[in-house]
Amino acid sequence: MADKEAGGSDTGPREMAPTSACSSPARSLGDTGITPLSPSHTVNDADANVSEQQTFLVVVAVDFGTTSSGYAYSFTKEPECIHVMRRWEGGDPGVSNQKTPTTILLTPERKFHSFGYAARDFYHDLDPSEAKQWLYLEKFKMKLHTTGDLTMDTDLTAANGKKIKALEIFAYALQYFKEQALKELRDQTGSEFENSDVRWVITVPAIWKQPAKQFMRQAAYQAGLASPENSEQLFIALEPEGASIYCRKLRLHQMTELSSKATVNGYSSSDTVGAGFAQAKEHVRRNRQSRTFLVENVIGEIWSELEEGDKYVVVDSGGGTVDVTVHQIRLPEGHLKELYKATGGPYGSLGVDYEFEKLLCKIFGEDFIEQFKIKRPAAWVDLMIAFESRKRAAAPDRTNPLNITLPFSFIDYYKKFRGHSVEHALRKSNVDFVKWSSQGMLRMSPDAMNALFKPTIDSIIEHLRDLFQKPEVSTVKFLFLVGGFAEAPLLQQAVQAAFGDKCRIIIPQDVGLTILKGAVLFGLDPAVIKVRRSPLTYGVGVLNRYVEGKHPPEKLLVKDGTRWCTDVFDKFISADQSVALGELVKRSYTPAKPSQLVIVINIYSSELDSVSFITDPGVKKCGTLRLDLTGASGAAVPTRREIQTLMQFGDTEIKATAIDVATSKSVKVGIDFLNY
């Protein structure tokens with residue numbers, strides 16, 4: 001462990017550098033030789049460090065979604081034009097969009113074969129005995145959200161049950177997007193486009209923790225989008241922030257308003273929902289041919305109604321997660337300020353798929369469904385595709401049943417497995433709202449379909465209800481519903497019913513592409529969001545002077561006659577504290593011995609605001625800050641070195657830099673939330 005390099009034996013407190021009266025040596029579990037000096041917060045002018053940025057010819061944003069993915073780009077010379085990627089091969093009946101399924105296929109030798117529709121169709125056409133050898137993965141992004149102890153070695157499980165490193169899959173997928181985008185750019189411009197001409201933006205949910213963001217960045221480095229040396233070539237954008245940036249630019253004809261407060265586009269409230277959507281769909285259909293979207297430089301009409309200080313909520317409901325951001329507008333430039341830390345949870349449309357799977361288990365038996373998935377993986381994928389297109393036909397006012405085709409091999413394998421027919425199983429099960437139709441289909445009543453949506457939609461509404469109780473969120477003017485799941489009329493109706501009297505509910509027209517377009521705008525101007533909120537409290541463990549009566553006796557450490565209190569939590573930033581872009585948290589650390597070449601400091605986090613000790617309940621070690629002093633020393637090393645560390649919490653990722661105060665040379669610093 002690097003801790004050992006701090007010198008000294010591990011038996012007792014180590015030698016410490018002499019410290020001035022105001023500071024104290026710190027003991028961060030094993031690294032006794034850390035001395036915090038003068039803690040301070042400074043606000044730098046956010047634009048001060050922009051001068052040395054490289055210039056890129058084009059910004060390409062990749063929306064790597066749970067269920068579907070895509071990219072869009074804009075040339076920096078004409079930022080008002082956003083081009084959405086060209087049509088993909090393949091496509092599903094009843095599902096028209098410009099994204100492709102997030103599915104990936106590897107050969108039996110574990111080499112990349114294909115992505116998206118191509119992967120799905122190829123896998124589907126394989127002979128069942130052959131298909132078992134191939135590795136097919138879908139909806140794998142959620143693993144980064146659900147894995148508590150994410151590392152570079154986290155595994156994913158393919159449809160055939162085989163395990164493969166998640167990092168490899170994410171890198172393959174990003175590499176595929178990189179190649180597609182560069183090829184399209186070369187074709188578009190008729191000139192050689194190099195990766196170095198591109199600024200990349202990858203979107204992630206705002207509720208993702210630091211390790212998942214760092215994982216995405218590592219995968220992008222492995223895919224060759226950027227490199228650790230040139231980290232600024234890649235931005236990590238937060239999905240609802242992207243949506244928020246784009247929604248600011250909306251004109252009235254580019255959205256549908258669900259609220260009952262006004263007549264929109266000539267429709268009165270009662271028919272706004274139905275007619276508005278029919279009209280919106282028609283508009284989208286007409287515009288489908290054009291892949292270029294003009295973003296007007298003026299702030300959209302919706303914003304002409306907003307005054308300084310107005311608040312709005314963006315609810316980004318996708319395949320895996322629902323992400324909620326609360327923003328406040330700051331005029332005249334229309335900069336945004338985050339008012340409450342990002343919230344949300346795993347309430348994406350995948351929840352509806354799980355409910356369907358549970359229903360199938362109830363009818364046909366869990367043992368059969370598990371076996372069928374393993375033995376006929378391609379047919380299972382087919383069944384879920386058939387369900388997906390019917391899922392999109394679910395609506396609050398639907399009266400006719402929805403038919404879901406069962407693949408022949410499902411019917412056939414069930415008969416072999418159970419010795420009786422699928423029809424028999426349906427009659428025998430107590431599920432009355434699902435019937436068998438003689439054309440080989442499951443016939444679901446609209447109520448049965450709506451019931452599959454209910455748990456997920458209830459979770460979303462409950463989450464929003466809690467959020468609206470918060471004082472910061474009480475006076476919201478608009479609610480923007482975005483993301484792929486926002487297309488679901490059942491969700492729209494539920495949000496309208498619950499919050500229509502509190503604020504105006506607005507759905508951008510091409511709601512599935514909102515985030516993608518916003519991410520491009522973010523890549524062109526990342527400083528548009530000026531203030532964010534920290535999701536957690538972060539800090540390190542230090543030693544302070546022991547105060548009788550204030551500090552618990554078990555924390556007492558006596559060293560050279562001085563009484564110290566150990567494990568004190570030195571807070572960098574509190575949960576839900578607002579942080580301006582470019583705001584720096586400064587700390588100075590001193591190596592225990594002049595010869596020490598590496599300082600490793602453990603970083604701790606907590607969801608609670610008031611933390612006294614790193615041993616308090618709820619405090620977890622979440623990463624390390626590593627200062628590499630090898631390159632920074634001059635010819636004569638001063639007896640007492642002070643390394644000043646500057647940390648930034650106001651960006652989409654936590655960043656750190658450090659300098660050796662005596663020599664003013666920069667010190668190599670690594671902040672790591674994955675491999676600590």
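Reply: Let us begin with pairing, keeping in mind that the model is predicted: two strands pair if DSSP finds at least two bridges between them. E21 and E22 form a hairpin with three residues between them, and Gly440 in the turn has a positive phi of about 80°.

Me: How do you know that E21 and E22 pair?

Reply: Pairing asks for at least two bridges, and E21 and strand E22 (residues 441–444) are joined over four bridges in the antiparallel sense, so by that definition they pair. Among the facing residues, Ser437 stands opposite Met441 in E22, while Val434 has Met444 of E22 as its bridge partner.

Me: What makes E20 and E22 partners?

Reply: Four bridges join E20 to E22, and the two run antiparallel; Thr405 of this model stands opposite Met441 in E22.

Me: Why are E20 and E21 said to stand at the edges?

Reply: The three strands form an open sheet in the order E20-E22-E21, with antiparallel pairing. Strand E20 (402–405) and strand E21 (434–437) each have a single partner strand, so one side of each is left without a neighbour in the sheet. Neighbouring strands are turned by 30° against each other on average, direction ignored.

Definitions and conventions: Residues numbered from 1 in each chain as written. Predicted model: local features only at pLDDT ≥ 70, side-chain atom pairs only at ≥ 80, totals over all residues. Heavy atoms only, no water. Axes fitted to C-alpha atoms, helices over the stretch in contact; angles between N-to-C directions.
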